[in-house]
Amino acid sequence: GHNNALDYLKGLNPEQRLAVETTEGSVLVLAGAGTGKTRVLTTRIAHILATGKAFPSQILAVTFTNKAAREMKQRIGILIGEGNVEGMPWLGTFHSIGVKLLRRHAELAGLRSDFTILDTDDVVRLIKQLIQAEGLDDKRWPAKQFAQMIDGWKNKGQGPADIAEGDARAFANGKGRELYKAYQARLQTLNACDFGDLLCHPIRIFRANPDVLKEYHKRFKYILVDEYQDTNTAQYMWLRLLAQRPQPSRQSSSTAGLQSAEGRKDDRPSEPLRGPRGGPAPAGAEQPVNDNKVNICCVGDDDQSIYGWRGAEIDNILRFDKDFPGATIIRLERNYRSTAHILGAASHLIAHNEGRFGKTLFTDRDDPEDDKVHVHAAWDSEEEARAVGETIEAYQRQQHNLNDMAILVRASFQMREFEDRFVTLGLNYRVIGGPRFYERMEIRDALAFFRVVAQGADDLAFERIVNVPKRGLGETTIRQIHDTARALRVPMLEAAAKLAESDELKPKPRAALREVAANFERWQKALETTPHTELAETILEESGYTDMWKNDRSVEAPGRLENLNELIRSMEEYESLRSFLEHVALVMDAEQNAELDAVNIMTLHSAKGLEFETVFLPGWEEGLFPHQRALDEGGRSGLEEERRLAYVGLTRAKKNLHLWFVSNRRIHGLWQSTIPSRFLDELPEAHVEVAESNSYGGYGNSYGGGSFASGRGGRQNPYGASRFDNVGANSEKSGAFSNTYATPGWQRAQANRTEATDRNWGSRSG
Ligand code: ATP
Ligand code: MG
């Protein structure tokens with residue numbers, strides 16, 4: 001029931017309202033975190049619908065995740081009434097909209113409309129076949145690597161004909177291009193496509209079939225895009241094709257007055273939007289076409305671009321006014337999400353990046369009761385998890401909901417310690433955007449090995465890993481093992497051992513089975529004599545499982561190895577393999593229910609766009625955050641992307657923000673002392689409160705006092721005093737803040753390089 005159709009406009013500030021009501025033409029909202037960009041998009045859709053400017057089916061709205069799409073639909077429903085949102089078929093992610101387009105026009109891409117979408121495993125298997133068919137050595141030219149190259153090309157919208165000579169030569173003795181072509185041809189015969197094709201096929205279809213494109217130009221009266229800073233080149237091309245209608249007539253800027261909304265400080269309406277990183281147009285970009293009738297609204301924040309490593313092009317947002325001349329650029333400066341302390345901390349941190357527009361952010365929230373940003377030190381990650389758990393329970397006692405709290409980690413392996421701790425405490429939690437630690441593929445595999453060793457009759461576990469890594473044990477052999485087991489009424493492992501000694505099998509599978517049986521026999525014997533963590537490591541090594549991931553060239557592989565290391569590490573806390581497995585069974589059983597009041601755990605990458613009352617950011621140490629690999633790969637730009645990720649993390653918090661760093665982490669089985677993240681030093685003192693360190697566990701004095709740096713076997717913080725060096729000791733508080741901005745972070749990165757070269761932290765997104 002809605003009385004006044006325009007009620008939804010009332011809560012908006014003038015700039016937001018401008019962004020909502022400027023429905024015609026092109027609008028870019030470029031604004032910092034929590035300023036209401038997503039809210040503007042939602043309200044804009046509501047407005048378009050409520051004023052009858054378009055039907056739901058005439059609006060194309062792109063969100064970054066499916067979850068965000070669902071939420072947006074819900075919120076529009078709240079604004080203008082549920083019944084009016086039905087049938088917004090074109091609200092979704094780039095991929096989900098891409099599938100829909102491709103199903104409609106599959107034949108134009110040489111597919112049938114019932115095509116299948118291959119997952120990464122399928123793709124790799126297919127490429128491997130192609131590599132072998134070419135007579136190439138698939139060890140020297142790994143399929144995974146080529147799959148990734150193809151993915152990279154598709155992110156740039158490049159087909160086999162478009163790829164750079166050098167790229168094409170780099171793989172398989174110069175056969176890169178042919179292989180790519182063969183791959184596409186094979187997909188076509190299979191009536192299949194991969195994820196990249198969901199965008200690339202529509203782009204090709206639109207280019208080759210102007211009449212089809214025209215149909216969509218007619219259909220989509222309004223286009224809206226959230227998180228525009230993280231679009232990649234293919235997404236950008238796709239959008240441009242849909243947004244720009246060729247028209248011979250020239251036109252002039254239509255923005256006069258619109259940009260100068262009250263209170264804008266840098267009012268430069270005619271100056272092109274130029275970013276410090278502004279580069280040339282991406283390859284394949286069309287010439288700008290002037291057209292008044294393009295109704296497109298993109299919102300984003302250059303400071304929150306965190307997917308550069310996956311091909312996102314920040315330049316897309318920086319060149320918006322070149323693509324859409326006469327675009328209205330709107331800045332929102334009021335942050336509605338966070339306290340002044342949180343906002344102050346985040347703004348100050350991101351100001352350390354050189355490649356940015358720079359923007360003002362303010363908040364009206366000025367409550368002297370608001371806490372400063374808390375920085376805590378812990379001895380190691382176990383203590384970190386324990387302390388976070390205690391803090392959560394303290395909030396709970398003050399009637400805070402668990403749902404309103406989130407732990408955002410840099411790398412997924414960090415989750416394990418928290419999950420374990422929460423299970424012990426009986427705190428509900430959910431992992432968002434990925435499986436829980438013990439549900440990850442590599443962890444399940446490893447656990448399956450351990451289970452068979454601990455309990456030889458665990459057939460489920462045995463079946464999972466009997467052919468992992470691949471040893472040529474096909475379905476037929478597995479069936480034979482089954483049959484034998486059933487006939488002899490013994491577990492599969494025993495049946496396998498029997499089969500391996502019989503002559504029922506062909507030589508190859510027989511040899512493979514014999515090895516499997518011998519392995520397990522040896523490990524089971526060792527169970528009585530070898531410490532269980534050592535045995536676990538041995539099992540993963542001797543089975544070839546660790547090597548399998550070491551030789552794997554996919555982006556996920558390093559993260560999986562990290563998780564395996566974390567698994568071994570976690571076993572130390574238990575007396576035996578059996579008690580550890582019992583614990584895991586309990587953790588796996590813990591409920592993961594969306595309805596339940598539960599703490600949210602996720603990576604920083606998947607927290608984009610979300611907000612929580614209370615946020616915990618653990619692991620702010622050099623090498624973990626900023627992540628060593630980002631530093632190694634990207635130099636300064638890698639570091640700046642890490643800093644943007646830190647900014648995303650800080651700005652998720654509405655009211656309470658807790659940062660943690662530990663002074664010791666165990667990496668690859670070795671304890672290493674760690675150094676507080678440079679990002680901590682980049683936080684402004686005025687908004688930060690360093691927690692009294694010896695409140696948890698009393699580690700402060702446990703290694704002789706002094707600073708973190710001097711307390712660890714004489715290792716010195718290589719870039720001089722950090723004000724966090726003294727945290728954790730009972731030193732004078734006043735001495736804890738020193739030398740804050742003397743050295744820019746990226747210079748210290750160099751000094752710190754030797755410290756951390758032996759680290760191989762995991763996948764960036766977890
Ligand atoms: P991010 O960059 O993190 O995605 P955003 O710019 O999209 O942030 P929103 O999520 O849209 O910001 O808004 C942040 C919070 O502020 C939300 O809780 C939203 O409801 C609230 N908010 C936005 N605008 C207003 C307003 N005019 N009045 C009151 N609350 C507002
Ligand atoms: Mg948003």
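**The annotated site**

A: UniProt, in an unreviewed entry, places the feature "binding site" at A31, G32, A33, G34, T35, G36, K37 and T38. UniProt positions follow the numbering used here, feature names are shortened, and annotations may be inferred rather than shown by experiment. This is a predicted model: local features need pLDDT of at least 70, side-chain atom pairs count only at pLDDT 80 or more, and totals for chains, interfaces and linings use all residues. Residues are numbered from 1 along each chain as its sequence is written, while chains are lettered from A and ligands numbered from 1 in the order in which they are written.

Q: Where is the place of G34?
A: Helices (H or I, at least four residues) and strands (E, at least two) are DSSP runs, numbered from the N terminus. G34 sits in the loop between strand 1 (26-30) and helix 2 (37-50), and G36 lies in the loop between strand 1 and helix 2.

Q: Why does G36 count as buried?
A: A residue is buried if 20 or more other C-beta atoms, placed from the backbone, lie within 10 Å of its own, exposed if 12 or fewer, and partly exposed in between. G36 counts as buried because it has 23 C-beta neighbours inside 10 Å. G34 is buried, with 25 other C-beta atoms within 10 Å.

Q: Which residues come nearest to ligand 1?
A: A residue is near a molecule if its C-beta atom, placed from the backbone, lies within 6 Å of it. Of the 19 residues around ligand 1, the nearest are G36, K37, T38, R39 and Y336. Helix 2 gives the largest share of this shell, three residues.
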